[in-house]
Amino acid sequence: MATTAELFEEPFVADEYIERLVWRTPGGGSRGGPEAFDPKRLLEEFVNHIQELQIMDERIQRKVEKLEQQCQKEAKEFAKKVQELQKSNQVAFQHFQELDEHISYVATKVCHLGDQLEGVNTPRQRAVEAQKLMKYFNEFLDGELKSDVFKNSEKIKEAADIIQKLHLIAQELPFDRFSEVKSKIASKYHDLECQLIQEFTNAQKRGEISRMREVAAVLLHFKGYSHCVDVYIKQCQENANLRSDIFEDTAILCQRVNKQVGDIFSSPETVLAKLIQNVFEIKLQSFVKDQLEECRKSDAEQYLKNLYDLYTRTTNLSSKLMEFNLGTDKQTFLSKLIKCIFISYLENYIEVEIGYLKSRSAMILQRYYDSKNHQKRSIGTGGIQDLKERIRLRTNLPLGPSIDTHGETFLSQEVVVNLLQETKQAFERCHRLSDPSDLPRNAFRIFTVLVEFLCIEHIDYALETGLVGIPSSDSKNANLYFLDVVQQANTIFHLFDKQFNDHLMPLISSSPKLSECLQKKKDIIEQMEMKLDTGIDRTLNCMIGQMKHILTAEQKKTDFKPEDENNVLIQYTNACVKVCGYVRKQVEKIRNSMDGKNVDTVLMEFGVRFHRLIYEHLQQYSYSCMGGMLAICDVAEYRKCAKDFKIPLVLQLFDTLHALCNLLVVAPDNLKQVCSGEQLANLDKNILHSFVQLRADYRSARLARHFS
């Protein structure tokens, strides 16, 4: 196997290398079996191969030494070359510094020379300009303008520059010596100014923005520059034709002008602000005045509607104009414009509002009472009337004759809705038109009007009329319509409270007027509730009176002590049937007239009085055995009727009364046991005794001994 350096390239494994060497040597491997193995031949091959490796090692070693020497030589040459380059770089850097210093020196000289040239040229230019101005001045002095610049209309820009400078110079000259020439210059100044304004106007009509910009730039140094702006504004308004909808047209005009004014004038925000001011102070103010003055004294309703509408549309227009650049404080600028237009109307707005609201509310109420053919009576106050009212509230005594109102409640939901609608609109106008500092006070005044006409003039009057119309408790076939008043008043209270929360509260929530409004609302509601309570109490008394009349008329003594005990049909009496029918109707009416806990409160009071009436009624009779059974049937029917109340206390009272009626029929021997029963054990013995005394056999059966 030839020995070369390629055999030792990585990866090199010595064992594999020996194996390959043995395998290639004849007689050295396992080929031919054990007989073919020749160790001498293999040893000889190893010795020869080792010699070849030694020779190759020497040859490679010499080559490595030669390459190392060559590398060292090249490294020395490279280091020498780098040193030479560093020296060359240092020399070049020094030359660069010298060149930079030289350039700076030359630049300084050039600047100095430029300053000197400018110092020489500026006076020269000024002298040339002064010479030209003197030449033009001489022409004015001689009275004959010969220069082409004053005759050629195309050179109007150059002429304007010259005349503007001459005008400034002429102002410094003494009047006595140069009055004539000053007059000529001023005349020419004025003529050129007029020509420029006319040229600007013509360019605006033609829509030549670039020409308008050039002329405006020339006029900027003239006194008539503001007149140029005025002409532009006037022409813009003429083109806009502010007639159909002045608010919408104004917004469109400002939007269109805003797009082009920056291309014409050097200070566009000033021009646009002046345009808006002009529209507000002339066009808009005139429009508002025409709309309001014609109805200011003749029609308060239309005046308030127009004022609200115009002010709202004006503020909306102001909001749209806020998006334009009008200078630093555009909010204050626009607010002042609006104030100038409406200040004379807003100063006394609330007086007009209150006056209209009062007259309108009074008209709504009067129209309602007229439709009922009712002459509203005045509610007395002070002195004897107050004393009567306090006595009536405390005792329920009828002071004076009862007035028959024919079932009319004198409460109208339509009237209430109309009053609340008028007040709602008043609150909306108040919110928009009132100064923020006056808003709570004005809103409170509107609320006071609402209380006066809705709560006092309408609800309170209906309650007073209803109270007077309640018949006495001993009246027969009385028409108890006060519960209808309660029902309608309850509905009106809810509407009143809703408007208070929805429309008044947002206007006064952060002011001291809040507590004042809440207190006023509380006082008026408490006053109404007191009268409602009085009316309900007296109505319940009338109901009990009606039931008492039914019992008196229908209940007979023979009902509970029949002449023929064997011929009695055990059922409830006719009086019981009529009373229960009456009670069920009244319970249904109470439920329909009230809501919430008020229903349970009134029903419980009615149930207690109903129980007391039946209890006292039963104690007026003497009961036989069959009569007692009939009384038990009546009470059972009354108890069934009491279930309709759905009041536990009322049902419990009738359960107890039913248990007491059992004392009328129980066998004498069992009487003591029944009295100690669950339902009667807690009752006073006198009550039990009083019921037992009603038995026909009380004396004969010696029942008194059970209570001795």
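## Helix α11

Helices here are DSSP runs of H or I with at least four residues, and strands are E runs of at least two, numbered from the N terminus. The model is a predicted one, where local features need pLDDT of at least 70 and side-chain atom pairs count only at pLDDT 80 or more, while totals for chains, interfaces and linings use all residues. Residues are numbered from 1 along each chain as its sequence is written, and side-chain values use heavy atoms, with hydrogens and water left out.

α11 covers residues 330–346, 17 residues in all. From its first C-alpha to its last it reaches 22 Å, close to the 24 Å expected at 1.5 Å a residue, where the expected span is 1.5 Å times one less than the number of residues. There's a kink of about 45° in α11, centred on C340; the bend at a residue is the angle between axes fitted to the seven residues ending there and the seven starting there.

## On to α12

α12 has 23 residues and spans 33 Å from first C-alpha to last, close to the 33 Å expected. Its buried residues are Y349, I350, E353, I354, Y356, L357, S361, I364, L365, Y368 and Y369. They pack against α10, α11, α14 (413–433) and α15 (439–469). Just after α12 comes N373, with a positive phi of about 55°.

F410 isn't a glycine, yet it has a positive phi of about 60°. You'll find F410 in the loop between α13 (383–395) and α14. Is F410 buried or exposed? Buried, with a relative accessible area of 6%.

R702, also not a glycine, has a positive phi of about 50°. It sits in the segment after α23 (685–692). At 59% relative accessibility, R702 counts as exposed, the cut-off for that being over 50%. G677 belongs to the loop between α22 (671–675) and α23, and is partly exposed at 22% relative accessible area, partly exposed being the range between buried and exposed. The C-alpha atoms of G677 and A659 are separated by 9.2 Å, and the two residues are 18 apart along the chain.

## The cavity

Rolling a probe the size of a water molecule over the atoms shows where empty space is left. On a 1 Å grid over the protein atoms alone, a cavity is a set of points where a 1.4 Å probe fits but cannot get out. Grid points are joined across faces, edges and corners, and a volume is the space filled by probe spheres set on the points. The structure holds one cavity of 30 Å³ or more, and the largest cavity has a volume of about 40 Å³.

Which residues line the largest cavity? They are G466, G469, I470, P471, N479, L480, Y481, F482 and T539, lining residues being those with an atom within 4 Å of a point. The lining divides into five nonpolar, four polar and no charged residues. Here Ala, Val, Leu, Ile, Met, Phe, Trp, Tyr, Cys and Pro count as nonpolar, Asp, Glu, Lys and Arg as charged, and the others, Gly among them, as polar.

## The whole chain

The chain has 23 helices and zero strands. Buried residues make up 38% of its 708 residues. Of the contacts with a separation of 6 or more, 74% are between residues 24 or more positions apart.

Notes: On a 1 Å grid over the protein atoms alone, a cavity is a set of points where a 1.4 Å probe fits but cannot get out, and a pocket is an open set with protein on both sides within 12 Å along at least five of seven lines; lining residues have an atom within 4 Å of a point. Buried means under 20% relative accessible area, exposed over 50%, partly exposed in between (1.4 Å probe, protein chains only). Contact means heavy atoms within 4.5 Å.
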